[in-house]
Every structure is written in C-alpha cells, then in structure tokens.
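These notebook entries record what I looked up in one structure.

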Amino acid sequence: MLQYKVDQFIKQHQLFHHGATVMIGVSGGPDSMALLHYLNKQRHKWGWKIIAVSIDHSLRNEESAADVQYVNHFCTTNGILFEGGKVDTPRLKREQSLGTQEAARQLRYDFFKKKMEQYRADYLVLGHHGDDQIETMVMRLTRSANPNAMKGIPVQRRFATGYIVRPFLAVDKQTIEAYCVTNNLTPRRDPSNEEDVYTRNYFRNHVLPLLKNQNPNMFQSVQKLSEAIQADNEYLDQQANQALNQMIGANPNTSHVQLSINLFKKYPFALQRRMFHLILNCLYNTIPSGLHYGHEQQFFNLLHSDRANASIDLPKDLQIHKSYKTVQFQLNQDDPPFFSKTLPVPGEVTLPSGALVTASIVSGDQITEDGEHRLLISADNWDKHFPLSIRYRKNGDRIFVKGLGGRKKVKDIFIDKKIPLKKRDSWPLLVDQEGTVLWIIGLSKGSIPNQGQITQCIQLEYQEAE
C-alpha cells in the first residue's frame with residue numbers, strides 16, 4: 001500500500017532523477033525509518049547514492065545518543081553510507097531566547113545544509129507525512145489570517161545544493177506504522193511526542209483524532225488543498241513580482257523602498273497584499289516573529305488615510321512613512337546627524353548628500369539674474385549677515401517672506417511645498433550670524449531687507465548631487 005502510493009506521488013511530482021545523490025534525514029522513529037527502508041529498496045532501480053544523516057539534539061541525554069547509534073547500526077547492516085552529528089540545542093535556546101523546537105530545527109537544518117554541501121547532494125528527503133500536513137495547516141489556521149500561511153508543508157523546495165523533498169506526504173501515519181510492521185522494522189520511540197507541552201503535540205493528540213474520525217482520508221483532501229493553494233500563490237506571487245518590478249525596478253534598495261500610492265492602488269488588492277509582503281522579504285533578512293497580519297492592516301489603513309504625513313513602526317526598526325502621494329519603507333533609519341558648517345566667502349561647502357554650495361564675490365557685468373538655485377546678497381548687507389552658515393533645520397526656524405510683512409515657519413514652507421516628512425530634517429538652510437534663515441536652499445528664498453540696487457554682491461549657487 002505505502003510503496004504504491006509513494007511511487008505514484010513521486011511520479012506525479014517528478015521528485016527525483018536517476019543517478020542522484022540522495023540524503024535522508026533519519027531520527028530513528030517510525031516515519032524516518034520507513035522512509036530510509038523504502039528509499040534503500042529503490043536505490044538500484046534509480047541508480048542513487050544514498051546517505052543517511054542522523055542528529056543528536058542533546059535533549060534526551062543517553063536516549064538521543066542511542067537513537068543515532070540505532071540508525072548507524074541499521075545503515076551498517078544494510079550497506080548505507082551514514083553521517084551522524086551532535087548539536088547543542090539547549091545552548092542555542094539559551095543564547096538566542098528560542099523555543100526548544102525552534103532551536104532544534106535551526107540547528108538541524110544547519111547541519112543538513114553542511115552535509116549536503118559536503119556531498120554535493122541533489123536531494124534531502126524528509127519523512128513528513130499526510131497527518132503532519134493536517135496538523136500544520138490547522139495550527140496555522142488558528143494563528144494566522146495570511147492566506148500564504150495555508151500553503152502547508154511543500155512537497156518540494158530549494159535547499160542548499162538541491163531540493164528538500166517529502167514523498168511521504170502521500171500517506172498517513174497509520175500506513176507508515178503498518179509498513180514498519182510488514183517490513184520488521186523496530187523504530188525508536190520518542191516519549192516526548194506524547195506530551196502536550198509542545199503545541200504540535202496537542203494538535204496531534206487531541207485535534208487530529210477528531211478530524212480523522214469525521215474523515216479517515218482527510219490527509220488526502222488536505223494535501224490536494226495545500227497543492228492547489230501553492231499553485232495559486234505561485235502564480236499570484238509571479239504577477240506581484242512583475243508589478244513590483246515595474247514600480248521600483250528589478251534590483252530594489254535593501255534598506256528602503258519608495259512607492260507611488262496612486263500607482264500602487266491601481267493593482268488588484270490580491271497583488272497589493274503580495275507586493276507588501278515582497279517588500280518586507282526584500283528588507284528583512286529574516287521575517288521577525290513579531291510581524292503579524294495586524295501590521296498588514298496598519299499599512300493599508302495608512303495608505304487610505306486622509307493624513308498627508310503619517311508613519312507606522314514595524315518590528316526590527318522598520319518604519320513605513322506616508323508623505324502626500326508616496327509611501328516609503330525605511331529600515332534602520334536613525335535620525336540624521338545634525339549638520340552645520342560655516343560657508344567661506346569666497347569658497348564652498350559640500351553637503352552630506354553630495355550637493356555643493358559655492359560662494360563668490362561678483363560685481364558689475366558679472367552679476368547674473370538669480371534663479372531657483374542662485375541667491376544674491378548685496379554688499380550693503382554683508383556686515384549684517386556675516387558669517388554665513390549652512391545647517392539643517394531647528395525647531396522654531398522662520399524665514400522672512402516677501403509680501404507677507406513678517407516671518408513664516410520653515411515647517412509651514414515645507415508643508416506648502418509638500419516636502420516629504422523624512423526629507424525635512426536633512427534639508428539645507430542658509431542662515432546668517434543671528435540664525436535668521438535667508439534661504440531654504442533650492443526651495444524658497446527669504447526676503448532680504450534694504451537690498452536696493454545691487455552693484456557688488458555675494459553670489460551663492462547650489463548644485464545638486466549627481
């Protein structure tokens with residue numbers, strides 16, 4: 001029964017190729033021992049080189065060491081290449097504040113990766129079965145509102161030098177146990193699998209029996225559902241990737257991403273959701289455990305908010321800023337260091353952005369009409385304004401506005417000009433000796449009293465960074 005179903009499953013999904021190097025994760029329990037036995041029977045038919053890998057997780061003292069020795073003995077008896085290893089799960093759990101299962105899994109896959117690279121293996125075969133699939137999808141249903149989480153355990157995925165494959169998703173636990181009996185396998189049993197201390201065990205011992213009582217073949221329906229969801233997601237993710245590439249390019253910055261809100265909203269909501277998560281995958285090295293569907297909802301609330309400027313904070317120092325018609329994802333963005341530098345006359349100052357401000361003394365025919373990137377200060381006003389400085393803004397900065405008969409807050413100028421919130425604190429200002437703002441450089445000029453007819457002046461020019 002098991003061999004027929006697994007054979008058909010392998011053929012349907014084209015899981016292996018002839019002459020491959022096949023590595024098998026073996027704990028010594030019923031699932032992995034049945035898997036090892038089954039694959040070893042197929043070895044000559046497929047021309048495989050088989051390597052069994054067993055790991056002592058340092059969780060059950062002599063028992064876990066005995067599991068590895070049991071697998072080693074089986075491999076020696078059956079002419080199978082064996083690789084054993086030991087990892088310190090309690091130490092990693094302690095150092096990184098991880099749960100036991102999370103720490104064990106991380107170390108286990110690190111060891112698998114190392115061995116796959118050592119042997120240049122094509123496949124790592126694991127013993128997850130149909131009942132594991134039910135447990136996984138039901139557990140995720142109780143924790144997540146993200147449809148992506150309902151993909152379940154993949155039949156195949158890339159890993160190290162090849163692929164992880166799971167041919168036993170075609171069968172349930174009962175079929176595996178029957179296979180062990182038929183083939184005189186006496187696997188090791190981990191008593192911790194019967195304890196409810198781990199969430200998966202609770203679902204396995206209490207929820208799964210109720211579901212299988214309603215439908216003994218539920219694992220088949222769930223596996224088909226998992227594969228259908230994965231196929232749909234692959235297509236939608238492909239479409240979302242294409243849409244995102246059109247918006248931000250194929251090689252986005254790994255610390256910040258900026259989007260046009262109007263353009264983003266033109267795409268169907270299913271793609272908007274996926275583009276949001278693709279951006280997070282781009283910015284995070286590893287998606288943090290504190291990220292949940294509520295953050296997705298916050299993002300869309302921000303997107304549709306009437307506020308011109310607003311921000312939300314996500315885990316691991318990721319901020320999302322809305323500024324008028326754009327939204328920016330910014331990772332590890334500290335407040336910019338305050339910049340202030342005296343401008344020599346004649347001379348120049350290079351800004352942190354790479355832009356350049358130059359000052360020269362000109363007279364007569366050399367004086368050219370000032371424009372957006374040029375400011376003229378009459379010689380009559382030099383003593384009132386020297387020395388000149390270029391700095392970032394401070395709270396309370398104001399600038400004289402022509403026709404207003406008074407001063408206006410620099411903050412309000414930024415709002416009027418719709419300057420994004422994150423750019424304001426690093427926008428250069430030209431100020432005089434008393435701290436009066438003469439020029440929001442490249443944006444807005446202050447009114448300088450008593451300029452009169454200019455015969456000699458300081459000419460200030462702003463050149464943007466290339």
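Predicted model: local features only at pLDDT ≥ 70, side-chain atom pairs only at ≥ 80, totals over all residues.

Is arginine 200 buried, partly exposed or exposed? I found it partly exposed, at 28% relative accessibility. I applied these cut-offs: buried means under 20% relative accessible area, exposed means over 50%, and partly exposed lies in between (1.4 Å probe, protein chains only).

**Entry 1**

Residues are numbered from 1 along each chain as its sequence is written, and side-chain values use heavy atoms, with hydrogens and water left out.

**Entry 2. Arginine 200 and helix H6**

I looked up the partner of arginine 200 and found a salt bridge with glutamate 135, the closest N and O atoms being 3.1 Å apart. Arginine 200 lies in helix H8 (residues 199–214) and glutamate 135 in helix H6 (residues 130–143), so the pair ties together parts that are 65 residues apart in sequence. I used the following criterion for a salt bridge: a side-chain nitrogen of Lys or Arg within 4 Å of a carboxyl oxygen of Asp or Glu. Helices (H or I, at least four residues) and strands (E, at least two) are DSSP runs, numbered from the N terminus.

Glutamate 135 is buried, at 3% relative accessibility. I then turned to threonine 136, which is also placed in helix H6. Threonine 136 has a relative accessible area of 4% and is buried. Setting aside residues up to four places away in sequence, I found that threonine 136 touches Gly152, Ile153 and Arg200. Contact here means heavy atoms within 4.5 Å.

**Entry 3. Salt bridges within helices**

How many salt bridges does the structure hold? I recorded 20. Side chains of opposite charge can pair when their charged atoms come close.

In helix H5 (residues 100–119), I looked up glutamate 117 and lysine 113, which are four residues apart and therefore separated by about one helical turn. They form a salt bridge, with 2.7 Å between the closest N and O atoms. Glutamate 117 is partly exposed at 35% relative accessibility, and lysine 113 is partly exposed at 36%.

I next examined glutamate 177 and lysine 173, whose side chains meet in a salt bridge (3.9 Å, N to O). Being four residues apart in helix H7, these two are separated by about one helical turn. Glutamate 177 is partly exposed, with a relative accessible area of 22%, and lysine 173 is partly exposed at 26%.

**Entry 4. Arginine 166**

Where is arginine 166 found? I located it in the loop between strand E6 (162–165) and helix H7 (173–182). Arginine 166 counts as buried, at 4% relative accessibility. Leaving aside neighbours within four places in sequence, I listed its contacts as Phe9, Tyr109, Leu126, His128, Ile153, Pro154 and Val155. The C-alpha atoms of arginine 166 and isoleucine 10 are separated by 9.2 Å, although the two residues are 156 apart along the chain.

**Entry 5. Backbone exceptions**

Most residues other than glycine have a negative phi, and most peptide bonds are trans. I therefore noted where the backbone departs from this pattern.

Which residues does a cis peptide bond join? I found valine 345 and proline 346, with omega at about -5 degrees. Proline 346 sits in the loop between strand E11 (340–343) and strand E12 (347–350).

Aspartate 317 has a positive phi, near 60 degrees. I found aspartate 317 in the loop between strand E8 (309–314) and strand E9 (318–323), and at 55% relative accessibility it counts as exposed. Lysine 418 has a positive phi near 60 degrees. Lysine 418 lies in the loop between helix H14 (410–416) and helix H15 (421–424) and is exposed, at 55% relative accessibility.
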